[in-house]
Amino acid sequence: MSFLEVFQYTRQDSIVHRLDPRAKLFLSLVLAVISLLFLEIFPLLIIIGVLIPMMTAAKSLRRWLRSMKGLSILLLFILIFNTLLSTYPNPLNYSIALILRLIALMTSFSIFFLTVHPDELSQALIQMRVRFEFAFAMSMAMRYVPTLGQEAYAIMDTQKARGVELDKGNILKRIRNIVPIIVPLIIVSIRRALSIAESMESRGFGASKNRTYMESLSFQKRDWAVCIISLIVLIMVIYIRLNIPLPDWSIPF
Amino acid sequence: MPLIELNDFSFKYYGAESLALRKIDLTIEEGEYVVITGPSGCGKTTLCRTINALVPQFHRGYISGNVIIDGKNTRDHTVAELSSIAGLVFQEPENQLVTLNVEKEIAFGPENLGIEPTEIRRRVEELIKLLDLEHLREKHPHEMSGGEQQRVAMAATLALKPKILVADEPTSNLDPRSAEVILDIISGLNKLDLTVILVEHRLDLVSKDASRIVLMDKGSIVADGPPREILAQDICQEIGIGVPKATLVYKRLKEQHDIDLGSIPLTGDELAGLVKEASS
C-alpha cells in the first residue's frame with residue numbers, strides 16, 4: 001500500500017505547503033480536470049512534465065517516486081490486460097495513455113493532500129461555509145485513527161493470550177475470527193466516545209452560535225496568482241481540446 | 001456566599017440500582033484545596049460531575065436536592081454556561097485531547113465560547129509558558145507521553161479561566177514521576193487563588209498541600225475536615241484509604257507503644273522532625 005503515501009500529509013516548509021489550502025484545492029482540481037480531458041500520450045506527458053516540478057517545489061519528489069514504485073505492479077497489470085483485451089485499434093498506445101492518465105490524476109490530488117495539514121483542511125472547509133460540526137468531525141476522525149489502531153492491537157493481543165488463533169484456518173475461519181476483535185473494539189469505542197463527549201461538553205462545545213477561531217486563513221497575493229493562472233490554463237486547454245486538432249502521434253500497436 | 005454548595009443532594013443514574021450520591025451536604029469556599037478520596041464506586045466521580053452540571057445535564061438520572069455553583073443552580077444552567085466557572089480534568093488524558101496539536105487543543109474551549117482571537121492567542125501563550133509546554137506546541141496527541149497529555153488537558157481546561165479546577169483522578173494512569181509533576185502544578189495553581197477539588201488516592205503526595213479532606217463511602221460523605229484530623233481517624237483504615245506512612249507510624253507509636261509525638265505528621269520529613277524533637 002506504499003503508493004498511498006503520496007496522499008499523506010508531510011510536514012515540510014516549502015512554497016507549496018505555504019499556499020492557502022483553498023488555492024491548492026482549486027489548482028488540484030484544475031490539474032485533475034486537464035488530465036481527464038486527454039487520452040493521448042503526448043499531452044499527458046506534458047501534464048506530468050508540469051506536475052513533476054511542482055512535486056519538486058513541494059520537496060516531495062522522493063516520496064512521489066517511492067509511491068510510483070509501489071504503484072508499478074498495478075500499472076503493469078493495467079498495461080498487460082488492457083493491451084491483450086482491449087478492442088481499440090492501437091491497444092498498447094491506449095494502455096500507455098491510461099497509465100499516464102492515472103499517474104497524472106494521482107499526482108494532481110497528491111499536491112493537495114500531501115501539503116495540506118488536516119487542521120488547515122478543516123479550517124478551509126469552515127471558511128468555505130461548511131458547518132463547524134462537520135469539519136470538526138472530520139478532523140476528530142483523523143485524530144482518533146491511531147488511538148483506535150492501538151486499541152485494536154491490544155484487543156488482538158488479549159484474544160491471542162486467551163487462545164483465539166487469529167491467523168489459522170481457511171478464509172471463512174479467518175473472517176469469523178474478526179468477530180472477537182470487532183465486538184470489543186466497538187464497545188470500547190462507544191465508551192470512549194461518551195468520555196470524549198463529556199470532556200468536550202465541559203469545555204463548552206456548541207456553547208456559542210458565534211464560535212471564533214484562533215487562526216483564520218487569509219488569501220494572499222500568491223494564492224490569487226495561483227488561482228488566476230490555473231483558471232487561464234484551464235480555459236486555454238479546454239479551447240485547445242475543442243478547437244485545435246492534436247497531431248495524432250501514436251504508437252502503432 | 002460559598003462558591004460551591006450542595007444541599008441535601010442525591011442522585012441515581014438511569015438504569016442504576018442504587019444511589020450514586022446520598023444526601024450530600026457540602027460547602028466549599030473560594031481558595032480551598034479539597035481532596036476527595038474513598039474506595040472505587042463511592043461516588044467521587046459523580047460528585048465531580050455535579051460541580052460543572054454534567055450531572056444532571058449530561059448524565060441523566062433521578063435527582064433530589066440542589067447544587068449551587070457560584071450562585072447558579074445546576075438544574076437550570078447548561079454545562080457550557082458553567083464551563084467558565086468550573087473546569088474538569090478527567091482520568092483518561094487521551095479522551096480529553098480532541099484536536100491535532102497542542103495550540104489548537106488549548107484554544108478549543110475559548111473558541112467554543114466565542115472569545116476574541118487575540119485574547120485566545122494570549123491565553124494560549126500564557127498557558128504554554130505556565131505549564132511548560134513549549135516543546136510540545138506542534139505535536140499530535142499521539143506523539144506525547146501520558147504525563148504530557150495530562151498537562152495539555154489541564155492547560156485546555158484552564159484556558160476557560162475557571163474559578164474552580166476539578167480534577168478527577170488525573171494521575172491514575174501516570175507513572176509516579178509524571179504524577180508528582182501534575183500534583184505540583186495543581187498545588188501551584190491553588191496558591192494562585194484557584195479553588196481546587198482533587199480526587200486522589202495517593203494521599204501521601206497531596207495531603208501536605210490540601211486544606212481539607214473529604215472522605216466518601218457508598219455515596220455519602222463519612223468524614224470531612226483538615227488532613228491531619230481526618231487521617232488520624234480509624235475510619236480511614238476501616239474503608240481502606242491510602243493513609244500516608246508517616247501518619248500510620250505516628251498512630252502505631254501512640255496506640256501500641258504509648259508514645260505521643262504531639263502533632264500528627266503527614267510526610268516523612270515532618271515525622272523525622274517530630275522524632276528529633278521528642279528525643280532531644
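Before clicking anything, keep in mind that this is a predicted model.

**Stop 1: the four-stranded sheet.** Go to chain B and select I69(B) together with K72(B): these two stand opposite each other, with K72(B) sitting in β5(B). I69(B) falls within β4(B), residues 61-69, which runs antiparallel to β5(B) and is joined to β5(B) by two bridges. Now widen the selection to the whole sheet, which is open, has antiparallel pairing and reads β2-β1-β4-β5 in chain B. Its edges are β2 (21-28) and β5 (72-73) of chain B, each with pairing on one side only.

**Stop 2: the six-stranded sheet.** Keep α1(B) on screen, as this helix also lies across β3 (33-37), β6, β7 (164-168), β8 (195-199) and β9 of chain B, making about 155° with β7(B). Helix α6(B), residues 146-158, packs on the sheet too, where α6(B) touches β6 and β7 and points at about 165° to β6(B).

Show the strands themselves and you get an open sheet with mixed pairing, in the order β6-β7-β8-β3-β9-β10 of chain B. At the edges are β6 (86-89) and β10 (220-225) of chain B, each pairing on one side only. Averaged over the sheet, neighbouring strands are turned by 15° against each other, ignoring direction.

For a close-up, pick V214(B) and D224(B), which are bridge partners, the latter in β10(B). The strands here, β9 (212-217) and β10 of chain B, are antiparallel and share five bridges.

**Stop 3: between the chains.** Bring chain A back. Which residues of chain A lose the most area to chain B? Select R143(A), R203(A) and M214(A): together they account for 27% of what the chain A side buries. Overall, the two chains bury about 3,300 Å² between them, with 54% of that on carbon and sulfur atoms. In residue terms, 36 from chain A are in contact with 41 from chain B.

Stop 4: Two or more lining residues each come from α6 (118-127) and α7 (132-161) of chain A, and from α4 (102-113) of chain B. What is the lining made of: how many nonpolar, polar and charged residues? Six are nonpolar, four polar and four charged. The space inside comes to about 160 Å³, and the count of cavities of 30 Å³ or more is one.

How values were computed: Residues are numbered from 1 along each chain as its sequence is written. Chains are lettered from A and ligands numbered from 1 in the order in which they are written. This is a predicted model: local features need pLDDT of at least 70, side-chain atom pairs count only at pLDDT 80 or more; totals for chains, interfaces and linings use all residues. Side-chain values use heavy atoms; hydrogens and water are left out. Two strands pair if DSSP finds at least two bridges between them. On a 1 Å grid over the protein atoms alone, a cavity is a set of points where a 1.4 Å probe fits but cannot get out, and a pocket is an open set with protein on both sides within 12 Å along at least five of seven lines; lining residues have an atom within 4 Å of a point. Grid points are joined across faces, edges and corners, and a volume is the space filled by probe spheres set on the points. Ala, Val, Leu, Ile, Met, Phe, Trp, Tyr, Cys and Pro count as nonpolar, Asp, Glu, Lys and Arg as charged, and the others, Gly among them, as polar. Contact means heavy atoms within 4.5 Å. Buried area is the accessible area (1.4 Å probe) that two parts lose on being put together, summed over both. Axes are lines fitted to C-alpha atoms, for helices over the stretch in contact, and angles run from 0 to 180 degrees between N-to-C directions.
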